[in-house]
Amino acid sequence: MKTRVPLVLLGLAALGLPFVLHEVYYQRVAALVVLAAISASAWNLVGGYAGQVSVGHAMFFGSGAYGALLAYTVLGWPPIAGAPFGIAAALLLAVVVGLPTFRLQGHYFSMATIAAAELIAIAVGNWKLVGGAAGLMGPAAPRSIADLSFRSPLPYYYIFLLVLTILLLITARIERSRLGFYLRAIRGGERAARSLGVPAVRTKLAALLVSAGFTALAGSLYAVMIGFVDPESGLGLLVSVQMVIIAALGGAGTLWGPLIGAATLIPLEETTNAFFGGSGTGATFVVYGAIIVLISRFLPGGIAELWQLVRSRRRLRAA
Amino acid sequence: MLLEASGIVKQFGSLRAVDGACLAIDRGEVVGLIGPNGAGKSTFFNCLAGEVRPEAGRIIYKGADITALSPEAHARRGIARTWQVPAVFAEMPVRDNVMVGAFLRHHHAPAARRKAEEVIAFTGLAQQAGAPAGSLGTLGRKRLEIARALATEPELVLLDEALAGLNPTETAAAIELVRSIHAAGITLVIVEHVMAVILSLAQRAVVFHQGKVIAAGPPAAVIEDEAVIEAYLGARFRRRSA
Amino acid sequence: MILVQLVADGLLLGAVYALLSSGLTLIWGMMNVVNFAHGDFVMLAMYIAFVAVTFLHVGPAVFVPLAALMLFGLGVGVYFALIRHVMRGPMLAQILSTFGLGILLRYMVFWVFSANFVSLPNRMAGGVLAIAGLRLQDSRLLAGLMALLLTVGLHLMLTRTAFGSRLLAVAEDRTAAMLVGIRPDAMQALAWGIGAACAGVAGALIALFFYISPLVGDSLVLIAFVTVCLGGFGSIPGALVAGLAIGVIESLSAWFIGAAWQDVVVFALFLLALWLRPQGLMGKA
């Protein structure tokens, strides 16, 4: 049980973080880190473990975000009550898009997911009923606690942390189970995996369903916190790409990779933003792009690879 | 009769790779498929494994028609295979590679791990069990392919050139391994180029030529067969003139 | 008559799509790397045209070759600095590297020129040619014909010259190519150079009739992806046919359904095609 100690410490650190970061600004960044970690971890199940590089996960994120805000604008419900609808829509999309698309290999799969997500983004942008290009707004002022509209980022931070913890527990469970082995086998070679009895399509679909569900939940939480979504922020190509980048940066196909990636990239984005005075100049993204390029060039396996390098050095020294 | 394939036809574009081939395999046999390059034995082999779906013909396995079933359904029914070019899961440790196979019959990780350890010991991979499969040499990869296949607890194992690319010492070791698999009661179909391997392993050799079975019988007798010599020599002659 | 007009407009636009996709498909087919920054290469070329026209007061006869040359240099540079190191790594690292590069280029331009839309002055090839009842804008006609010419030329270069066969030899089998004395690294660098130069020419031509902004590459690269997938990756004739087809489809659906929906039609047809024929329409099985 020695291995549990760092985990407990990490958990305590996560819980106690807001007490160290007094400023609202930092607390907000912390909440955004956890939120990004949720969607990147969800993406990781399909893109990382199974090696099926989806660049269209925005369609699931957007389902969640739109589900939440449509529940408010159409039914007058608290946004979070729309999350189940958003998740249901995402699961439906996962089946409809996933089943035919999983027959495609490599880059073709990525391209098809991009096209599917773009198609949905453009369609929503042209559809007045769901807000069109202008998007949807949440409640301007909280009507009750159920609206989950808080001034302080802290409640959001803790809600997100709870969801992330559940997702990481599920991922860790999958990692050690038959599903996890099957997913990695598919990444290693689908034909060989099938010859060993791995039902490839069913396995990928199972991973995609979990992935889509949590990505949609992340989308709903985003909409609840920000109180706004439009085709760009909910369904845009960059939403998908950010999940890929965060997971790949931290280490795709590893449990902690997406969290490491989010904890690196989001603060980086925020700091450069602050440094260059808002995102208006584009300098933020110059730095952002440069760092992504550098990491792909020197650490192709992501930041998690650093840890493995250190560990194997240590093992060498011990031997 | 464990498996019976009859009238198998497979066409690739204008090329009829398999043209009405038939084969029956008894439980406990070791059958060698031989023939010159392009004779259709690999395509026929892939039909048996469910990797390629024939256009005509039927494959009956233990009384059931499996012709149109997927590769994974073949595995479930007890037919396992290896690949000509080893297709190990390079990033996964050797043990985890074998566990993927073991999960077919053992749904929980501890049971699958026990089964994997057993097969790893049997195939002589215990030393490398923790290493990534990508770090293995050719012999190691071939062993791992066999181990993965055995972990699915098959009754019939299809070996696709499992001994190609090995040096003489390694070949001897691999032949020993195949013998012990047979001794464990598993039926084997071997596609092989090296005639010496067929002579020392197979009880029956089946010769393919132009998509058809042209001879079958004890290996030593088959290689004396007129039609077989003709097929090999003819092929060689054609290749030289090309 | 309107149909003929729409098809003619579509074909001219499609030829430009074909050229910009040819660059992408060349790189993709040769080393199985998808250049996610390809749209940003196009965008860069559009700004090169803009700067050349605004500050040097030159016409397309100067800025098109200039853009080609500069992008060629960029392509070769990117190959040696980045692609060479990631191309045999995991697919994710490849995606990460070219996407990062795209973001870098896009926001460097954003930093310098801000997000404002600009365009070339209208007097540049601003006339209209009327033949056989068709009215074709000079700018689009020039762009379409040049793009068609260059795409065909690129195809001929790859299939009919010694240089082309060396290039394809590397794509076919690196090791074998090395054995006959071809330096794969040099060939791949050239492929990147040529691929980027295609984007350069396409960008400079598009600038003749399209608005220019740092984010303009986004929608263009998606069209190029679709073109390449439909044409089969590595196939320039495939890219040509698919590019022309997409141009016509866009032109028709913009007229009949509305410009806002033209990309929806393209993406929907693309998905349908992929689902029905997973190897691309003209790709080898």
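Modeller: Let's start where two chains meet: 18 residues of chain A are in contact with 23 residues of chain B. This is a predicted model, in which local features need pLDDT of at least 70 and side-chain atom pairs count only at pLDDT 80 or more, while totals for chains, interfaces and linings use all residues. Residues are numbered from 1 along each chain as its sequence is written, and chains are lettered from A and ligands numbered from 1 in the order in which they are written.

Biologist: What makes 18 residues of chain A count as being in contact with chain B?

Modeller: Two residues are in contact if their C-beta atoms, placed from the backbone, lie within 7 Å. On that test, chain A supplies 18 residues and chain B supplies 23.

Biologist: Which helix gives the most to the side of chain A that touches chain B?

Modeller: That is α7(A), with 6 residues. Both α7 (178–188) and α8 (190–195) of chain A supply at least two residues there. These are helices as DSSP runs (H or I, at least four residues; strands are E, at least two), numbered from the N terminus.

Biologist: How do the residues on that side of chain A divide into nonpolar, polar and charged?

Modeller: There are 8 nonpolar, 5 polar and 5 charged residues. Here Ala, Val, Leu, Ile, Met, Phe, Trp, Tyr, Cys and Pro count as nonpolar, Asp, Glu, Lys and Arg as charged, and the others, Gly among them, as polar.

Biologist: Which chains have the most contacts between them?

Modeller: Among the 2 pairs of chains that touch, chains A and C have the most contacts. Chain C and chain A each bring 37 residues to their contact. On the chain C side, α4(C) gives the most, with 15 residues, and by class that side has 31 nonpolar, 4 polar and 2 charged residues.

Biologist: How do you know that no contact joins chain B and chain C?

Modeller: No residue pair passes the contact test there, and the closest C-alpha atoms of chain B and chain C lie 11 Å apart.

Biologist: Why is α11(A) called oblique to α4(C)?

Modeller: Helix α11 (residues 237–250) of chain A and helix α4 (residues 91–113) of chain C have axes that come within 10 Å and cross at roughly 120 degrees. Angles under 35 degrees count as roughly parallel, over 145 as roughly antiparallel, 65 to 115 as roughly perpendicular and the rest as oblique, so α11(A) is oblique to α4(C). The contact is made by Val241(A), Val244(A), Ile245(A) and Ala248(A) together with Leu92(C), Ile95(C), Leu96(C) and Phe99(C).

Biologist: What joins strand β1 of chain B to strand β2 of chain B?

Modeller: Strands pair if DSSP finds at least two bridges between them. Antiparallel strands β1 (residues 3–12) and β2 (residues 15–25) of chain B have 8 bridges, with Val9(B) partnered by Asp19(B). They form a hairpin with 2 residues between them, and Gly13(B) in the turn has a positive phi of about 60 degrees.

Biologist: What makes β2 and β5 of chain B edge strands?

Modeller: The open sheet has 4 strands in the order β2-β1-β4-β5 (chain B), with antiparallel pairing. β2 and β5 (64–65) each pair on one side only, and that makes them the edge strands. Further in, 5 bridges join β1(B) to β4 (residues 56–61) of chain B, with Ala5(B) opposite Ile59(B).

Definitions and conventions. Axes fitted to C-alpha atoms, helices over the stretch in contact; angles between N-to-C directions.
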